[in-house]
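Morning, everyone. Let me put the structure up, and then I'll walk through a few parts of it.

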Amino acid sequence: MLKINEIDVYYRDQQAIWGVSLVVEKGKTVVLIGSNGAGKSTIIKAISGLVRPAAGSISFENNRIDKEPVHRIVELGISMVPEGRRLFSQMSVLGNLELGSFVHSARQVKNETLNWIYEIFPVLKNRIQQVAGTLSGGEQQMVAIARALMSKPKLLLLDELSLGLSPLVSQNIYKMVRQINESKRISILLVEQNVRMALKMADEGYVIENGRIMGEGKAETLLRNPAVKDAYFGLGQAWR
Amino acid sequence: MIVTQAIISGLIIGALYGLAAIGLGLVFGVMKYLNIAHGSFIMLGGYASYWLFALLHLDPFISLPLVMLIMFIMGLIFYRILLAPLSKFSEDLKVNNSLLITFGLIMVVDNSATLLWTSWPKSITTLYSGAAFNIFGIRLTYIGLGGMGLAIVIILALHLFLTKTYFGKAITAIAQDWEAASLMGINIDYTYLISCALAITLAGVAGVLIVLCYSVTPSGGFSWLMIAFIVVTLAGMGNLYGIFAAGLLLGVSQAVGSLLIGSSYQGVIGFAILLLTVLFRPDGIFTRKRKGYAR
């Protein structure tokens with residue numbers, strides 16, 4: 001479904017990504033793990049078009065998208081929840097969700113999508129008129145995910161959902177993400193600091209270090225991989 | 001009674017101030033371009049109306065849609081040629097560079113206007129110019145009332161456009177976070193193009209009212225730019241809704257102030273308000289206090 005082939009990404013003259021290739025298949029959940037600054041977010045941004053690969057190609061459902069403008073990529077069915085949520089904080093929750101359905105094909109089915117979103121995030125139904133900036137962190141993250149779903153994506157890109165959230169709240173959010181993936185077969189590519197939690201819910205994982213792919217495989221295999229355990233579970237291992 | 005008269009005329013001119021400023025606020029608040037040629041576009045709107053009146057004998061209120069169309073097209077060209085190439089820069093570079101470019105544009109527009117229309121003030125005198133009626137001893141000119149009515153209609157239309165249409169909401173979203181807006185599938189470049197054309201159109205409407213109530217000169221754009229700046233700062237940068245209120249506030253305080261301390265201090269009053277705002281409410285008078293919330 002999504003295929004990244006040997007991309008290089010630069011920030012000005014600084015190379016951030018070196019020959020990364022990865023595949024997300026229909027209905028699968030794929031996680032990118034790695035330490036801070038490894039380049040996970042850059043890969044996601046390259047898919048949504050916020051940064052441009054200098055070499056290599058990205059294709060989605062057999063169309064090359066790495067030269068398409070950002071709004072066009074959304075129209076094709078890739079929606080991103082950016083790091084730090086980036087809500088329109090002075091607008092109401094409903095205003096945010098409506099903007100999520102800006103894409104033409106999504107506007108027609110706006111109300112159906114809204115009803116589906118109330119099923120996944122029942123909390124939002126009571127908050128719909130509230131100004132988005134006044135919600136709690138967890139609720140804001142739900143709005144950010146819901147807003148991305150309003151465009152009826154086939155692939156959802158999630159960047160650091162658990163950032164700034166308590167472990168309990170982020171676990172809850174990931175439960176909802178699981179539900180989204182299962183109920184509508186929406187493929188998910190996510191970047192996550194909390195490696196254990198991410199691998200537990202994913203089908204496949206890629207390990208990114210210094211802008212390169214250092215390992216890949218089934219999520220449960222990676223979860224048991226001693227190198228991965230060593231590098232990312234660190235203290236958690238000792239505490240268990 | 002004199003004070004009431006001053007307040008009423010202040011409201012009338014204040015509506016015009018709001019109209020003159022809203023285009024500047026739109027371009028700066030949404031697109032982060034500083035268009036200091038805004039006043040020159042106001043003048044161009046006035047000249048367009050003047051020409052249609054002098055050459056084709058069209059009443060300014062009748063030729064208004066035509067002037068708006070001309071200004072809209074001018075805005076499209078202005079964005080495509082001068083502003084669009086800056087869109088890849090960061091926010092502060094955009095502000096600096098658009099300031100330089102539009103400063104150059106002032107030179108070009110003002111000198112072309114001198115060639116085309118001479119440096120003499122031009123104004124439109126219609127049959128109803130100066131006609132007025134009295135209500136409770138307050139003198140109201142038809143043009144003043146018509147201008148205020150027009151300003152209110154346009155601001156309301158803009159408000160409905162921004163809050164009720166998808167395109168308008170996209171403009172508001174871009175003003176808050178353009179990158180997040182692009183992730184919603186909003187075409188940023190196209191939205192900028194139309195917003196800029198709209199802003200120039202609104203400048204043109206203000207110009208029509210100015211040529212009717214006062215006069216236009218090639219260099220007169222600068223004083224209107226100053227007024228627009230004061231109004232936008234009072235409202236708070238990026239706060240489109242406060243602009244009309246800020247215009248009214250400035251108009252009334254100038255009118256009442258010049259009644260109390262003399263009309264030669266009119267300019268001082270405006271800048272004094274500006275200074276006080278920047279000192280005590282740098283985010284603008286009509287902005288809600290920012291929430292302590294990281295974006």
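**A strand and its partners**

In chain A, strand β3 (residues 29-33) runs parallel to strand β8 (residues 187-191), and 4 bridges join them. Strands here are DSSP runs of E, at least two residues, and helices are runs of H or I, at least four residues, numbered from the N terminus. Two strands pair if DSSP finds at least two bridges between them.

Before I go on: this is a predicted model, where local features need pLDDT of at least 70, side-chain atom pairs count only at pLDDT 80 or more, and totals for chains, interfaces and linings use all residues. Residues are numbered from 1 along each chain as its sequence is written, with chains lettered from A and ligands numbered from 1 in the order in which they are written.

Back to β3(A). T29(A) stands opposite I188(A) in β8(A). Strand β9 (residues 204-209) of chain A also runs parallel to β3(A), again with 4 bridges. There, L32(A) stands opposite Y206(A).

Is β3(A) mostly covered or mostly open? Mostly covered: 5 of its 5 residues are buried. Buried means 20 or more other C-beta atoms within 10 Å of a residue's own; exposed means 12 or fewer; partly exposed is in between, with C-beta atoms placed from the backbone. T29(A), V31(A) and I33(A) cover one side, V30(A) and L32(A) the other.

Now V109(A). It sits in the loop between α4 (104-108) and α5 (110-120) of chain A. V109(A) has 13 other C-beta atoms within 10 Å, so it is partly exposed.

**Over to chain B**

Take helix α5 (residues 142-164) and helix α8 (residues 188-213) of chain B. Their axes come within 10 Å and cross at roughly 170 degrees. Axes are lines fitted to C-alpha atoms, for helices over the stretch in contact, and angles run from 0 to 180 degrees between N-to-C directions. So α5(B) and α8(B) are roughly antiparallel, the term for angles over 145 degrees.

Which residues of α5(B) make the contact? I143(B), G144(B), G147(B), L150(B) and I154(B). From α8(B) come L202(B), V205(B), L209(B), L212(B) and C213(B). Contact means C-beta atoms, placed from the backbone, within 7 Å.

**Where the chains meet**

Last item. 21 residues of chain A are in contact with 17 residues of chain B. On the chain A side, α2 (70-76) and α3 (93-100) are the elements that give two or more residues.

Key. Parallel < 35°, antiparallel > 145°, perpendicular 65-115°, else oblique. Contact = placed C-beta atoms within 7 Å.
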